[in-house]
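Hi,

Here is the model I promised to pass on.

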Amino acid sequence: MKRNIILITAILGICALGISLSHAQQPQISSTINKRGEKPAIAIPDFRGAGDSQRFMNTLNGTLFSELQNSGQLTMVPKTNYPLQVPQQPSDFRPPANGRSQGPWLTDWSGPPPNANYLAFGYAATQNNQLVLYGWLYDVRQANTSAAQLIGKIYVGSMDEEGAKKVAREFAADILKYFGAESLIGTRIYFVSNRTGNKEIWSMDYDGTNQKQFTSYRTITSFPSISPDGTKIAFTTYPIGRGAGGRAVTEGQPQIFVHSLETNRKLVYYNQQASMNAASDFMPDSRHLLIYSTAGGTGFSQIFLTDIDGGGLRAITHSRSLEVEAKVNPKTGNDIVFVSGRGGTPQIYRMNIDGTDVARLSTGEGDAVNPAWSPDGQHIAFAWTRGYEPGNFNIFLMDVASREVVQLTHGAGRNEHPCWAPDGIHIVYSSTRGRNTQIYSTLANGAAPVQQLTTQGNNDNPVWSRATH
Amino acid sequence: MRESKRLNVSRIGAVLLMLALVLFAAGCKKPVPVPARTLPPVSQDGNRTSTPNSGEKPVINVFTAEPSAIEKGQPSTLSWSISNATDMSIDHGVGAVQSRSQRQVFPSATTTYTLTANGPGGSETGTVTVEVSTAPAAPPTATIGARLSSAEMLQQQAQDAYFDYNHNDIRPDARDALTHDAQLLKQIFAQEPNFTVVIEGHCDERGSAEYNLALGDKRSTSAKDFLVQLGVPATRIKTISYGKERPQCTDATEGCWQKNRRAHISAGQ
């Protein structure tokens with residue numbers, strides 16, 4: 001009985017603690033991450049298709065809606081609040097006469113119940129065996145249709161599912177661009193997958209589609225990093241060599257490989273004579289690489305800067321502790337965040353590119369690893385075991401200037417390797433919350449549902465790049 | 001008389017319990033602000049140290065050896081869990097320990113391990129004995145037709161050196177294993193002048209892949225440095241870190257994690 005009371009007290013305590021934490025922390029950081037304030041409300045009635053295009057309208061409408069919803073930048077007006085008369089093109093609009101409705105009008109959308117600020121409408125047709133989308137975006141708070149029109153454009157795709165997705169994505173990208181949100185369309189996520197039986201580098205579209213194998217080294221290949229100009233990839237692999245007399249295939253010590261993303265050819269990169277060389281991050285000029293290696297001779301992995309071909313080695317850290325995972329601030333090119341074991345457990349530190357002004361960013365609790373800069377260079381995402389047993393990582397975000405921290409995942413599996421999308425709003429990471437390790441995307445402010453991007457084998461270490469290859 | 005008194009006490013207890021439950025249930029409906037609570041400090045090993053209650057005597061909840069009887073050269077795992085202690089140690093070279101952990105030992109003869117726990121409220125000791133039987137002596141190499149190849153000797157006789165979580169220092173049990181390995185390697189190298197070995201450094205699954213790559217590297221080079229100090233030629237040893245990529249076992253238990261935190265010697269090419 002006494003044990004029960006203790007148990008109940010403990011549960012209530014934990015419950016109350018959780019409530020007070022989430023109340024205290026969430027609003028502050030999300031206001032710094034999502035500066036855009038009130039989100040515009042948009043209505044998108046389903047588009048109709050003429051002729052052959054009818055067969056692909058479900059795909060077109062579904063893609064358009066989810067692209068805009070998953071951007072996290074817009075409030076979607078509930079479809080049940082839409083008026084009955086839906087315009088297909090600008091000429092459908094008829095202003096009311098003597099207070100009586102003559103057809104669809106702007107105020108049907110701007111007034112209650114929809115209370116929309118914007119309306120995206122249009123239709124699809126078949127022309128020369130191609131799928132053609134006519135899309136408009138109106139600001140329905142304006143007095144007349146010519147003042148209301150913000151976008152009026154034609155999008156052409158092939159007459160199939162792919163074509164329907166393409167035109168919908170292009171229209172969505174134009175709408176998002178109008179609202180100042182960067183579209184992720186065309187960006188790729190590189191990641192590590194073991195679905196072939198070996199860890200290899202793969203890539204996929206920002207939404208998990210179009211997954212392609214990039215490397216075929218049939219050993220352990222991991223830690224991808226993409227150059228900011230989108231032309232190169234660096235990663236770490238155990239090169240396979242023939243043993244004496246060609247008798248056995250053996251794995252060599254881990255080394256850095258650099259490939260062209262345009263040709264997929266291996267480029268020249270001279271690895272240091274060391275028991276370990278690992279790729280970490282490209283500098284903003286795409287001409288230099290941050291690595292960690294035992295080249296220093298101290299016996300501990302240290303952080304170095306090298307030229308793109310491995311020459312010009314410069315040591316940045318000089319410690320007798322493990323130094324790994326250096327990531328450079330993409331805005332300044334000077335601030336480095338990295339993981340160091342100098343305090344006994346791995347923690348996140350910052351320093352200048354010349355190794356000066358070292359300061360610990362994480363509190364020293366648990367293990368803090370996998371730092372990743374936001375594109376604006378003001379925040380980092382990282383994986384931390386704070387509040388959990390060793391190994392049970394969650395994703396956290398930190399405002400680097402104030403060191404204010406917010407927790408993005410809450411104990412569902414091991415959550416690691418966060419990486420920001422080029423839009424500075426989306427975040428990808430890997431998690432063991434399901435049966436295997438898979439890659440998930442979400443919004444940094446937690447305001448949209450989490451999407452699972454991979455399903456086959458185990459997939460982790462996602463890096464989001466502007467590269468389109 | 002005594003019986004009825006006990007009954008009264010339990011009745012009062014039941015009433016108090018009901019009252020407490022009602023109060024808790026009422027409290028649950030309103031989100032009562034709770035003062036932020038700091039988590040207990042985390043030790044270097046990543047285990048949360050239990051804060052000793054001042055005044056209470058240390059308690060050894062568990063102290064076992066599994067298996068408690070081994071053949072010479074085989075490992076036995078000591079496991080313990082201690083409360084209310086500030087410093088804890090085990091004799092026979094194990095040294096200072098955390099309040100809840102495990103350690104593999106390789107005693108060469110029957111050994112009684114004594115766990116001593118000291119705290120503000122006094123001290124407590126516990127003992128556990130590992131019975132060691134001598135393994136049937138390996139037949140002298142001359143008596144069997146085919147001599148074991150160097151690679152076979154290495155595979156069958158080399159002992160892994162084990163490490164603590166987030167650590168790369170050579171523990172007393174790893175010292176024993178590597179001292180054994182140094183003798184074995186000298187014998188093998190004398191027998192086959194061109195033979196080389198690779199020391200693989202491994203980690204358990206809990207740390208990050210990147211940190212584990214560096215940690216596995218340091219474990220393998222620490223083991224190499226130890227062997228070289230004992231006279232094994234450095235030129236015959238290469239090291240490689242596998243981080244957590246090649247675990248020996250995949251259960252999420254401390255027993256399994258300990259097996260994976262190791263330096264392992266295999267034949268070079």
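What percentage of the 269 residues in chain B is made up of buried residues? Buried residues come to 41% there, where buried means under 20% relative accessible area, exposed means over 50% and partly exposed is in between (1.4 Å probe, protein chains only).

Before the rest, some housekeeping. This is a predicted model, so local features need pLDDT of at least 70 and side-chain atom pairs count only at pLDDT 80 or more, while totals for chains, interfaces and linings use all residues. Residues are numbered from 1 along each chain as its sequence is written, chains are lettered from A and ligands numbered from 1 in the order in which they are written, and side-chain values use heavy atoms, with hydrogens and water left out.

Staying with chain B, its secondary structure comes to 5 helices and 12 strands. Helices (H or I, at least four residues) and strands (E, at least two) are DSSP runs, numbered from the N terminus. Of the contacts in chain B between residues at least 6 apart in sequence, 65% join residues at least 24 apart; contact means heavy atoms within 4.5 Å.

Now the domains of chain A. Chain A is divided into domain 1 (41-178) and domain 2 (188-465), with bounds that come from an automatic or database domain assignment. The C-alpha centres of domain 1 and domain 2 of chain A lie 41 Å apart. Where they meet, 6 residues of domain 1 of chain A are in contact with 8 residues of domain 2 of chain A. The area buried between domain 1 and domain 2 of chain A is about 580 Å², and carbon and sulfur atoms give 39% of that. In domain 1 of chain A, the residues that lose the most area to domain 2 are A:Asn70, A:Gln73 and A:Arg169, together 63% of what that side buries. Buried area here is the accessible area (1.4 Å probe) that two parts lose on being put together, summed over both.

By class, the side of domain 1 of chain A that touches domain 2 has no nonpolar, 4 polar and 2 charged residues. For the classes, Ala, Val, Leu, Ile, Met, Phe, Trp, Tyr, Cys and Pro count as nonpolar, Asp, Glu, Lys and Arg as charged, and the others, Gly among them, as polar.

The rule also finds 1 salt bridge across this interface of domain 1 and domain 2 of chain A, a salt bridge being a side-chain nitrogen of Lys or Arg within 4 Å of a carboxyl oxygen of Asp or Glu. A:Asp207 forms a salt bridge with A:Arg169, with the closest N and O atoms 2.8 Å apart. A:Arg169 also forms a salt bridge with A:Glu67, where the closest N and O atoms are 3.7 Å apart. A:Arg169 lies in helix H5 (residues 161-178) of chain A and A:Glu67 in helix H2 of chain A, so this pair ties together parts 102 residues apart in sequence. Both ends are inside by the cut-off: A:Arg169 is buried, with a relative accessible area of 13%, and A:Glu67 counts as buried at 12% relative accessibility.

Over all chains, a search of the whole structure finds 23 salt bridges. One of them joins the side chains of B:Glu254 and B:Arg206 (3.8 Å, N to O). B:Glu254 is in helix H5 (residues 254-260) of chain B and B:Arg206 in the loop between strand S10 (197-202) and helix H4 (209-229) of chain B, 48 residues apart. B:Glu254 counts as partly exposed at 21% relative accessibility, whereas B:Arg206 counts as buried at 6%.

B:Arg206 turns up again at A:Phe393. Leaving aside neighbours within four places in sequence, A:Phe393 is in contact with residues including A:Asp367, A:Trp384, B:Arg206, B:Gly207 and B:Ser208. A:Phe393 is buried, with a relative accessible area of 0%, and is found in the loop between strand S25 (379-384) and strand S26 (394-399) of chain A.

Cheers
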